[in-house]
Amino acid sequence: MQGQLATVFGASGFIGRNIVRELAARGFRVNAVCRDAEHAKFLKPMGTVGQVTPMRADVTDPAAVARAVAGADVVVNLCGILYQSGRNTFEAVQATAPGTIAKAAAAAGARALVHVSAIGADAGSRSAYARSKAAGEAAVRAAFPAAVILRPSIVYGPDDSFFNRFAGMAQMLPVLPLFGGGGTRFQPVYVDDVADAAMAAIARPDAAGNTYELGGPTVYTFRQLMEMTLAEIHRKRPLVAVPFWLASLKAAFLELLPVPPLTRDQVELLKTDNVVSAGARTLADLGVAATPLEIVLPTYLDKFRVGGRYAGGRAPA
Ligand SMILES: NC(=O)c1ccc[n+]([C@@H]2O[C@H](COP(=O)([O-])OP(=O)(O)OC[C@H]3O[C@@H](n4cnc5c(N)ncnc54)[C@H](OP(=O)(O)O)[C@@H]3O)[C@@H](O)[C@H]2O)c1
């Protein structure tokens, strides 16, 4: 891979930065693309001098996408959003842009395209997020049939937005919510395993044209994930069941905030289990061993403990 060019869309994001690190370690030159190249400068030390180039491009602009993939051997698309904001709609970023990127990658003669979607991508879903993910996958397949599509469940790791968010909430709030009673099931997958899966997708000829669902070794209910989070941060908080209708009502108001912590569309998503489907190709098919959540969670949630990371506090009895 020495000297080959990889263009990564969504490089500054939580998963993107881990993929840039892995590509750089394998000798790729990397165009690290997002809308704010300044904000992506932290990626440069992941490579040698000049190996990682932060690049500004909005994936809703086909000309900018074409410039970003010019000469690329490999293209990875991680652009995704959890809520809509201005021009960054589900339709634009998750349904249309994947096709734009796939067409540009094909026109540029890229040998591999990895598209990161999500478990639950479904054209018939009541969630606009899930419908747009399905439309994006279809557009990628049509324009670049050999593309590898990766569909993770919740991704966890030091910068994640799931465990960090609920641990932060537990610091500030007297209770934690259990949406819909907390019975929805998830299969959290480690961000390093997702990055390894993307590297295998690029390197293994047998992966071409396949879709993989990426989950960790264990399925947990939402309630179990909240209990694990509280145990890690050594805090006791009552877990309060919030019916989906009430969560949706609250979300309608929270959507008025510039960065909504919860949207009605996310409540829709929370109604469906987010686990690897029976018969799906998985991490194992890419030669990646899934890392147990219990090993990694303590390495980054300890900062939410009373007194901080080095307080040495014991879990409440
Ligand atoms: N994290 C998870 O638990 C999880 C689970 C399942 C699936 N996924 C999927 O995995 C992918 C990556 O997720 P993530 O957690 O790494 O997301 P993230 O941290 O929110 O990063 C998203 C990236 O996309 C860029 N981006 C957003 N809109 C853009 C636009 N219009 N043009 C160019 N770049 C744009 C962002 O940079 P700028 O805002 O600076 O442009 C950022 O680099 C997404 O497709 C997501 O749906 C994530």
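Two residues are in contact when heavy atoms of each lie within 4.5 Å. The structure described here is a predicted model.

By this criterion, and leaving aside its neighbours within four places in sequence, glutamine 84 is in contact with Thr89, Phe90 and Glu91. Glutamine 84 belongs to the loop that runs between strand 4 (74-77) and helix 3 (90-107). A polar atom of the glutamine 84 side chain lies 2.8 Å from the backbone nitrogen of phenylalanine 90. Alanine 241 stands 157 residues away from glutamine 84 in sequence, and the two C-alpha atoms are 27 Å apart in space.

Salt bridges were searched for over the whole structure, and 16 were found. One of them joins arginine 87 to aspartate 58, with 3.2 Å between the closest N and O atoms. This pair links distant parts of the chain, 29 residues apart: arginine 87 is in the loop between strand 4 and helix 3, while aspartate 58 is in the loop between strand 3 (52-56) and helix 2 (62-69). The two partners fall into separate classes of accessibility. Arginine 87 counts as exposed because its relative accessibility of 64% is over the 50% limit. Aspartate 58 has a relative accessible area of 17% and is therefore classed as buried, the limit being 20%.

A salt bridge is also formed between the side chains of arginine 151 and glutamate 137, at an N to O distance of 2.8 Å. Here too distant parts of the chain are linked, as arginine 151 belongs to strand 6 (residues 148-152) and glutamate 137 to helix 4 (residues 128-143), 14 residues apart. Both arginine 151 and glutamate 137 are buried.

Glutamate 232 and arginine 305 make a further salt bridge, in which the closest N and O atoms are 3.8 Å apart. Because glutamate 232 lies in helix 7 (residues 222-232) and arginine 305 in the segment after helix 10 (293-301), the pair ties together parts of the chain separated by 73 residues in sequence. Glutamate 232 is buried, its relative accessible area being 17%. Salt bridges also occur as a network, which links Arg21, Glu22, Arg26 and Asp192.

The model also contains a ligand, which is surrounded by 25 residues. The closest of these are Ser12, Ile15, Arg35, Asn88 and Lys133. By class, the shell around the ligand consists of 14 nonpolar, seven polar and four charged residues. Aspartate 58, described above as the partner of arginine 87 in a salt bridge, also approaches the ligand: a polar atom of the aspartate 58 side chain lies 3.0 Å from a ligand nitrogen atom. At leucine 78 the atom concerned is a backbone N or O atom, which lies 3.3 Å from an oxygen atom of the ligand. In the case of lysine 133, an N or O atom of the side chain is 2.7 Å from a ligand oxygen atom. On its own the ligand has 890 Å² of accessible area, and the protein covers 82% of this. Helix 1 (14-25) and helix 4 are the elements that give two or more residues to the shell around the ligand.

Two further positions were examined individually. Glutamate 268 is located in helix 9 (residues 264-270). With a relative accessible area of 16%, glutamate 268 is buried, because residues under 20% are placed in that class. Not counting residues up to four places away in sequence, glutamate 268 touches Arg126 and Ser127. The side chains of glutamate 268 and arginine 126 are joined by a polar contact of 3.3 Å.

Glycine 183 is found in the loop between strand 8 (176-179) and strand 9 (185-186). Its relative accessibility is 48%, so glycine 183 counts as partly exposed. Apart from neighbours within four places in sequence, glycine 183 has contacts with Thr221 and Asp273. Between glycine 183 and lysine 303 there are 27 Å in space, C-alpha to C-alpha, and the two are 120 residues apart in sequence.

Key:
Residues are numbered from 1 along each chain as its sequence is written. This is a predicted model: local features need pLDDT of at least 70, side-chain atom pairs count only at pLDDT 80 or more; totals for chains, interfaces and linings use all residues. Side-chain values use heavy atoms; hydrogens and water are left out. Helices (H or I, at least four residues) and strands (E, at least two) are DSSP runs, numbered from the N terminus. A polar contact is a pair of N or O atoms within 3.5 Å; within protein, one must be able to donate a hydrogen and the other to accept it, and residues adjacent in sequence count only if both atoms are side-chain atoms. A salt bridge is a side-chain nitrogen of Lys or Arg within 4 Å of a carboxyl oxygen of Asp or Glu. Buried means under 20% relative accessible area, exposed over 50%, partly exposed in between (1.4 Å probe, protein chains only). A residue is near a molecule or strand if one of its heavy atoms lies within 4 Å of it. Accessible areas come from the Shrake-Rupley method with a 1.4 Å probe; for residues, only the protein chains shown count as cover. Ala, Val, Leu, Ile, Met, Phe, Trp, Tyr, Cys and Pro count as nonpolar, Asp, Glu, Lys and Arg as charged, and the others, Gly among them, as polar.
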